[in-house]
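Let's look at this complex together, one question at a time. The sequence and the model come first.

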2 protein chains.
Amino acid sequence: MTPPDRTGPLSRDQGVTLWRQIVRAVETEIAAGVLAVGAKLPTEAQFAARFAVNRHTVRRALEELSRNGLVRVEQGRGSFVAEESLDYEVMPRTRFSEWIRSHNKEPSGRVLELRETAADGIVAAALGLRLGARVVRFERLGLADGLPVSLSSHHFSTQRLPGVLAALDETGSVTAALAACGVPDYLRQSTRVTARLPQGNEAELLQMPRNRPLLVAENVNVDRAGSVVEFALSRHPTPRVQIVFEP
Amino acid sequence: MTPPDRTGPLSRDQGVTLWRQIVRAVETEIAAGVLAVGAKLPTEAQFAARFAVNRHTVRRALEELSRNGLVRVEQGRGSFVAEESLDYEVMPRTRFSEWIRSHNKEPSGRVLELRETAADGIVAAALGLRLGARVVRFERLGLADGLPVSLSSHHFSTQRLPGVLAALDETGSVTAALAACGVPDYLRQSTRVTARLPQGNEAELLQMPRNRPLLVAENVNVDRAGSVVEFALSRHPTPRVQIVFEP
DNA sequence: ATGCATTTGTTCGTATGTATG
DNA sequence: GCATACATACGAACAAATGCA
């Protein structure tokens with residue numbers, strides 16, 4: 001039951017701080033594969049006993065490991081070896097399934113909502129409509145190898161794209177639905193990134209702790225003629241997803 | 001004293017929820033400028049009286065407005081019309097002072113740290129050095145009209161740029177110091193964005209609440225020949241700053 | 001639904017070593 | 001030597017989130 005003590009005791013008279021020695025020990029175990037990706041680390045109390053130090057000292061080491069992205073700490077649950085993060089490359093032509101497949105993972109999705117509604121301030125401004133104009137709202141959870149990586153709300157002008165609701169209902173895919181509505185191709189015009197803590201059931205849907213922020217990306221997509229066809233607001237769990245921009 | 005009641009009573013039998021009607025009413029007033037940016041909204045109790053609904057219904061509407069960034073709610077103080085956020089446009093050639101001035105604000109800065117140190121894993125990987133190589137670390141707080149908008153750590157290889165420490169000490173500016181070291185121009189090679197809650201004294205320095213996330217941008221900057229000259233890690237307060245990509 | 005045990009998060013206080021001037 | 005500041009380390013208690021019976 002007790003994990004094997006592979007590292008020797010800490011040296012207290014060598015000029016190297018105790019917490020740095022703990023960082024090195026854990027880094028070594030992760031690198032060696034003793035601790036697999038996603039595996040649960042010992043609790044802080046167990047670490048403290050194993051290294052014969054105070055829990056504060058263990059916490060100082062875990063803080064360093066967490067800051068460097070090697071370890072993920074979750075209140076009430078424990079600490080875990082961090083998974084590789086999924087880079088979301090912002091490109092003119094980014095499609096969800098292509099993004100996921102480019103990382104050698106299997107894309108899947110779940111439609112959460114599909115209906116016609118009235119445009120609120122943000123949506124109206126982005127789509128160039130007046131407040132309250134009719135828009136189709138399509139909400140979808142995107143997964144990579146079964147793990148949630150995006151929660152996105154897509155908005156389309158009913159007037160600009162009649163029949164988009166039916167097309168989305170049939171295909172469940174934005175790209176396919178736009179193609180069915182006479183928009184064979186679309187490009188990202190701008191991406192605005194911000195972050196906030198999850199609200200409502202967002203944390204639950206994305207399978208993330210409630211005290212970790214979401215990356216929120218607002219995308220405006222245009223057709224080849226440059227006219228706006230979609231406003232998408234996608235939320236991604238950190239640090240599972242990062243947004244990368246390379247010109 | 002009592003704010004004018006510009007909107008009619010809510011309709012209770014139209015299939016539109018009461019809280020959505022309140023959202024629309026407040027959005028309209030903000031858009032019309034009846035409520036100025038930064039202005040304090042009526043209290044939840046006042047809203048409840050004005051619309052003749054329960055305070056819970058008002059809260060549901062405020063939650064939606066807050067989520068969409070139009071309103072900022074502060075516990076114990078009230079709700080306010082959200083200030084315009086400062087867009088940080090990611091461009092090949094972005095300089096702090098130019099960014100701030102392009103928004104008609106006055107840039108300033110405060111040097112927090114300047115010293116030579118050993119490269120940790122992240123820095124070494126970004127600069128293409130081995131672990132523990134000598135690097136100069138330059139930490140700076142950036143302000144726009146006196147309000148903090150960035151906390152950035154800049155890293156330079158001592159070997160690649162001898163004299164950069166002295167130049168930074170003299171000028172206090174990355175651009176000027178690089179110019180003094182024979183790098184008259186530099187370009188952004190890649191930007192990686194993530195988010196996390198503030199740690200240590202970050203919240204205090206950036207004058208933001210501790211429960212609001214930071215946007216963290218990692219930039220790799222290269223000279224005109226394409227060789228890496230700087231790794232910068234900048235932290236920005238949300239929602240005061242947003243990051244915008246426009247190709 | 002409710003309480004309980006487990007685990008991390010936060011804040012006190014105390015003591016010690018080290019670098020600085 | 002001395003005073004000061006700072007990082008390190010330990011101890012205790014409580015708060016907050018989670019999971020489970």
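The questions below go through a helix, the DNA surfaces, the chain contact and a few strands.

This is a predicted model, in which local features need pLDDT of at least 70, side-chain atom pairs count only at pLDDT 80 or more, and totals for chains, interfaces and linings use all residues. Residues are numbered from 1 along each chain as its sequence is written, while chains are lettered from A and ligands numbered from 1 in the order in which they are written.

Q: Which residues of α3(A) are buried?
A: Helices (H or I, at least four residues) and strands (E, at least two) are DSSP runs, numbered from the N terminus. Helix α3 of chain A covers residues 55–67 and reaches 18 Å from its first C-alpha to its last, close to the 18 Å expected at 1.5 Å a residue, the expected span being 1.5 Å times one less than the number of residues. A residue is buried if 20 or more other C-beta atoms lie within 10 Å of its own, exposed if 12 or fewer, and partly exposed in between, with C-beta atoms placed from the backbone. By that count the buried ones are T57(A), V58(A), A61(A), L62(A) and L65(A).

Q: Which residues come nearest to DNA strand D?
A: A residue is near a strand or molecule if its C-beta atom, placed from the backbone, lies within 6 Å of it. Around DNA strand D there are 13 such residues, and α1 and α3 of chain A each supply at least two. Those that come nearest are L18(A), V53(A), N54(A), T57(A) and G76(A).

Q: How many residues of the surface near DNA strand C are charged?
A: Ala, Val, Leu, Ile, Met, Phe, Trp, Tyr, Cys and Pro count as nonpolar, Asp, Glu, Lys and Arg as charged, and the others, Gly among them, as polar. Residues around DNA strand C include T43(A), E44(A) and S79(A). The surface divides into two nonpolar, five polar and, for the charged class, one.

Q: Which element gives the most to the side of chain A that touches chain B?
A: Two residues are in contact if their C-beta atoms, placed from the backbone, lie within 7 Å. The contact takes 26 residues from chain A and 29 residues from chain B. On the side of chain A, α5 (121–127), β7 (186–196) and β10 (241–245) each supply at least two. With seven residues, the element that gives the most is β7(A).

Q: How many bridges join β8(A) to β9(A)?
A: Strand β9 of chain A is largely enclosed by the rest of the structure, because eight of its 10 residues are buried. β6(A) pairs with β9(A) in the antiparallel sense over five bridges. For β8(A) and β9(A), also antiparallel, the number of bridges is nine.

Key. Pairing = 2+ DSSP bridges.
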